[in-house]
Amino acid sequence: MAEHTTSQTSDLTGSGLATDGAGRRAHRFSAWTVSTFLIALLVALPVLVILAHVFFPSGEVWDHLVSTVLGRYLSNTVVLSLSVAIGTTLIGTACAWLVVMCRFPGRRLFEWALLLPLAVPTYVIAYAYTDFLQFAGPLQSALRDWFGWQYGDYYFPDIRSLGGASLLITMVLYPYVYLLARASFMEQSVSALDVGRTLGLGPWRMFKRIALPLSRPAIIGGVSLVLMETLNEFGAVQFFGVDTFTTGIYRTWFGLGEPVAAAQLAACLLVFVVLVVVLERVSRGGRQYHTSARYQVLPEYALTSGQAALAFLVCFLPILIGFIVPALILLEMAITTGDALFGTRFLEFAFNSFILASSAALVAVGLAVMLSYGARLNPSAWVRGANRVAAMGYAIPGSVVAVGIMIPLAWADQQLNLFLRDSFGFMVGLVLSGSAFVLIYAYTVRFLAVSFNTVEASLGKVTPSMDAAARTLGQTAGGTLRKVHTPIMRSSLLAAGILVFVDVMKELPATIILRPFNFDTLAVRAYSLASDERLAESAMSSLAIVAVGIIPVVILSLAMRRSRPGSDRG
């Protein structure tokens, strides 16, 4: 018996685990555990830098910001966030209920088409609608031709406003709520719905009193993602002239040349993010919702012709506004005008975007595997806490990440050059803060959570018996990961990489702040041209970003088709 216990202990120790004499699992530090803590520290560094600068003196710049623009930053950020949260909640929840529970023409198409606006970055939809709705645009020009109007004869709402920004951002971000609400509705217990029917509840009361309370955590989770993306928004609000904390950080850093004040603004924005996370946790209130584990085909409500037409309209309008119209506008502009640099520097911009996105995807997926496997080998509270810290980057706006990274790396470059100059008589320039390395670091911090969640879920489905079998065959922890887990997780790793790739292609705030001199991407090219009011020329870059963004939509659609076990519904 003693020999058996010793053998078991030796086998488990090779994988980073150990057991005591009673068979209980005893955790010890291994290379995997140390790697987990180092990754968490690197991800947390930008936040720690931002928080540290709260206590730095900023001179008269902060007083100037407080007395002039800080109130506007605060009010615009709050109004924008609340407007988008309300709009996305209504649209996402209503569309999710309709496609899951109601029978009407086009429902199967809407199931996946309602995700298409996710492919359109917010700044791209802002450029498209500005060209379409401005005074010299095709819509107002057509109206003046039809009715013989002149300037001042009619009122037309200004899309470049806080209200316009709220509307367009809502049309791009509602799929976050739709995605989670639809998944929750599909997981409903048929038994609970049957009980509601026996009590005489109709479709509306069934939705209000049963389905909505059960799906509340999922809906709140989707709204939290929407709020985080709204707080991260830069391109659309900057283009529309709406002052928020994100635009304020950019102006303070580059316009005023005050990194300390910019870091303090970033700290204010970080407070908003923390509030969103805390409110999401508090809103749950410790309540738990359970459904039956027995899956059946969900009942469907057959709508009347009038109700079916209304349901079709409710589902079609978000797709029309959020994807079809901007895609057609961009396509028309790309064909008629296009980018003057297409075929020369345009390919360079595309190549830069591809290299950055590919590199960030590889790094993020690799680190996600290390984090997930480290927690599998040593599932202690410390390791789980480190993983949560490492996955918090998605909740941090890109502008905050950029400022938190630039300050320490710029200081490190300065110290390195001073040392080389004093010791060897030469300097190497901005090795860290002036290279593409800083961008890949920022993207990894920002989107590590995207790959981590996917990899962790996939690794959790691998039975522990496979680890034990690999250990009995003499495999180390690394060998087990390489030869056993990686082949099983291949599709999930690919999906995680694609999601990070597309997110990096669309990322604008961090790219604008951190990109090296004379180094542009498709996102920066589109932003630069639009900022110069050359909207038609920005269409080519914008359209390329949208085309790449469709990839994760297809992946999500395929995954959701198989999301309800035991159901043959597509």
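Visitor: Which residues form one aromatic cluster?
Guide: Good place to start! This is a predicted model. In it, one aromatic cluster is made up of Phe-104, Phe-110, Phe-312 and Phe-316.

Visitor: How many aromatic pairs does the count come to?
Guide: Two rings pair if their centres lie within 6.5 Å. By this rule, the count of aromatic pairs comes to 16.

Visitor: Are the rings of Tyr-73 and Phe-245 stacked, edge-to-face or tilted?
Guide: Let's look at both numbers. The ring centres are 6.2 Å apart, and the planes meet at 55 degrees. Planes under 30 degrees apart count as stacked and those over 60 as edge-to-face, with the rest in between. The angle of 55 degrees therefore makes this pair tilted.

Visitor: How many residues apart in sequence are the parts that Tyr-73 and Phe-245 tie together?
Guide: Tyr-73 belongs to helix H4 (residues 70–101), while Phe-245 is in helix H12 (residues 245–255). The pair therefore ties together parts whose separation in sequence is 172 residues.

Visitor: Is Phe-245 buried or exposed?
Guide: Buried means under 20% relative accessible area. Phe-245 has a value of 3%, so Phe-245 is buried.

Visitor: What kind of pair do Phe-354 and Phe-501 make?
Guide: Their ring centres lie 5.9 Å apart. The planes are at 70 degrees, and over 60 is the cut-off that matters here. That is why the pair is edge-to-face.

Visitor: Which residue lies over the face of Phe-135?
Guide: Here a charged side chain meets a ring. At 4.0 Å from the ring centre of Phe-135 lies Arg-144.

Key: Residues are numbered from 1 along each chain as its sequence is written. This is a predicted model: local features need pLDDT of at least 70, side-chain atom pairs count only at pLDDT 80 or more; totals for chains, interfaces and linings use all residues. Side-chain values use heavy atoms; hydrogens and water are left out. Rings of Phe, Tyr and Trp (its six-membered ring) pair if their centres lie within 6.5 Å; planes under 30 degrees apart count as stacked, over 60 as edge-to-face and the rest as tilted. Helices (H or I, at least four residues) and strands (E, at least two) are DSSP runs, numbered from the N terminus. Buried means under 20% relative accessible area, exposed over 50%, partly exposed in between (1.4 Å probe, protein chains only). A charge sits over a ring if NZ of Lys or CZ of Arg is within 6 Å of the ring centre and within 35 degrees of the ring normal.
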